Amino acid sequence: MRFRRNQAPPPYEPLQRTIEFAWRVHAAQETWTAKVDAKAAIVLSLETAILVVLLAAEAPHRLLGQLTGWRSVITDLGIGVYIMAMVLAAIAVIPLMGRTKKHRAEYDRNAIYFGHLRHWRHEELNQWLNRMNQDDELAQLSRQLIELSRRNWHKHRSLQLSMLTSLFGSAFIGIAVLVPR
């Protein structure tokens with residue numbers, strides 16, 4: 001399209017710009033999900049390896065196995081806390097897909113998330129998509145963004161708590177081993 005020198009291009013639709021922005025936010029949310037999943041998988045692997053080493057060190061003839069009294073109790077507490085850290089990291093990695101019952105109840109107004117899409121028949125979905133307007137698309141994107149952000153928050157918080165908990169577990173074990181008798 002060519003415009004005359006003094007003629008301005010047609011205005012860009014504000015609603016279309018809003019939809020494009022919402023999709024960019026959606027892409028950012030997906031990126032954050034992938035990053036937290038990768039970090040949580042690494043943290044879970046490290047915590048598992050450390051727990052294996054700690055359990056091996058609890059053998060009677062090894063360092064932790066020779067501790068007695070309060071030191072033994074603190075070591076066991078540290079290992080228990082480490083196990084809690086692993087559970088929190090696993091919670092961060094576990095896919096959060098939502099309730100099947102909710103997906104069935106809401107599928108006819110959602111077409112972005114695969115949990116909803118799986119309930120559609122292709123003829124119905126085709127007709128529904130053909131009837132959609134920009135307001136409908138924006139409403140769907142808004143719901144999806146809120147749901148994605150809630151899940152990302154949950155994953156990030158679980159990972160954060162896992163990392164902090166593993167530090168506490170390490171501190172307990174460090175105290176039991178390093179405090180002079």
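The protein has six helices and zero strands. Read along the sequence, the pattern is therefore simply α-α-α-α-α-α. Keep in mind that this is a predicted model.

Start with the whole protein. It has 181 residues, and buried residues make up 28% of them. The accessible surface comes to about 12,400 Å². Carbon and sulfur atoms account for 63% of that surface. Now look at the contacts with a separation of 6 or more. Residues 24 or more positions apart account for 73% of these.

Next, find helix α1. This helix covers residues 14-57, which is 44 residues. From its first C-alpha to its last, α1 reaches 64 Å. That is close to the 64 Å expected at 1.5 Å a residue.

Is S166 buried or exposed? Its relative accessibility is 10%, so S166 counts as buried; the cut-off for buried is under 20%. Which residues does S166 touch, once neighbours within four places in sequence are left aside? S166 is in contact with E47, Y82 and A85.

Now turn to charge. Side chains of opposite charge can pair when their charged atoms come close. How many salt bridges does the model hold? The count comes to four.

One of them joins D37 and K155, with N and O 2.8 Å apart. D37 lies in helix α1 and K155 in helix α6, so this pair ties together parts that are 118 residues apart in sequence. K155 has 4% relative accessibility, so K155 counts as buried. D37 has 23%, so D37 counts as partly exposed.

Another salt bridge links R151 and E147. Their closest N and O atoms are 3.4 Å apart. R151 has a relative accessible area of 17%, so R151 is buried. E147 is partly exposed, with a relative accessible area of 26%.

Salt bridges can also share partners. In this way R121, E123 and E124 join into one network. Within this group, look at the bridge between E123 and R121, where the closest N and O atoms are 3.6 Å apart. How open are its two ends? R121 counts as exposed, because its relative accessibility is 52% and the cut-off for exposed is over 50%. E123 has a relative accessible area of 36%, so E123 is partly exposed.

Technical notes:
Residues numbered from 1 in each chain as written. Predicted model: local features only at pLDDT ≥ 70, side-chain atom pairs only at ≥ 80, totals over all residues. Heavy atoms only, no water. Helix = DSSP H or I, 4+ residues; strand = E, 2+ residues; numbered from the N terminus. Expected span 1.5 Å × (residues − 1). Buried < 20%, exposed > 50% of the residue type's maximum accessible area, 1.4 Å probe, protein only. Contact = heavy atoms within 4.5 Å. Salt bridge = Lys/Arg side-chain N within 4 Å of Asp/Glu carboxyl O. Areas by Shrake-Rupley, 256 points an atom, 1.4 Å probe, with all protein chains shown as cover.
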